[in-house]
Amino acid sequence: MDFAQTVDETGGLSEEVSESREKTLDLCTCPGCPTHLDGDWLVGYCFPTIGSSESISNEAGCICGNCPVYLENDLEHGYYCTRGSELEQSG
Ligand code: SF4
Ligand code: SF4
């Protein structure tokens, strides 16, 4: 699936999207980032159906560029937790 395009035609979570979301959550390196807050259980902010965190507002560095999800999907942005998903930032 393409992180910079759309979730799917219906706006719902197709099987492919669900699998991709789970993989993103498994591989996400956000918990090791200085910007991430320990209490924020949600990660994978780059993913189209996740997007920015409701808790994080202070940008203190972003390690997305070394994340396997970032590299595998040729993502181009960063600070997804504060600025929104790849799709939102590609707007
Ligand atoms: S690119 Fe960033 S937000 Fe996306 S999974 Fe990797 S560390 Fe998490
Ligand atoms: S999106 Fe970037 S800045 Fe935000 S927690 Fe993940 S690695 Fe850190």
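This is a predicted model: local features need pLDDT of at least 70, side-chain atom pairs count only at pLDDT 80 or more; totals for chains, interfaces and linings use all residues.
How do the residues of the shell around ligand 2 divide into nonpolar, polar and charged?

Residues are numbered from 1 along each chain as its sequence is written, while chains are lettered from A and ligands numbered from 1 in the order in which they are written.

Now the answer. The ligand 2 shell holds 9 nonpolar residues, 3 polar and no charged. Ala, Val, Leu, Ile, Met, Phe, Trp, Tyr, Cys and Pro count as nonpolar, Asp, Glu, Lys and Arg as charged, and the others, Gly among them, as polar. Around ligand 2 sit, among them, Cys30, Cys33, His36, Cys62 and Cys81. A residue counts here if its C-beta atom, placed from the backbone, lies within 6 Å of the ligand.

Next, ligand 1. It has 14 residues around it, with Cys28, Cys46, Cys64, Cys67 and Val69 the closest.

On to the fold. The protein chain has 4 helices and 0 strands. Those are DSSP runs, numbered from the N terminus: helices are H or I with at least four residues, strands E with at least two.

What share of the 91 residues counts as buried? The figure is 25%. Buried means 20 or more other C-beta atoms within 10 Å of the residue's own, all placed from the backbone.

Terms used: A residue is buried if 20 or more other C-beta atoms lie within 10 Å of its own, exposed if 12 or fewer, and partly exposed in between; C-beta atoms are placed from the backbone.
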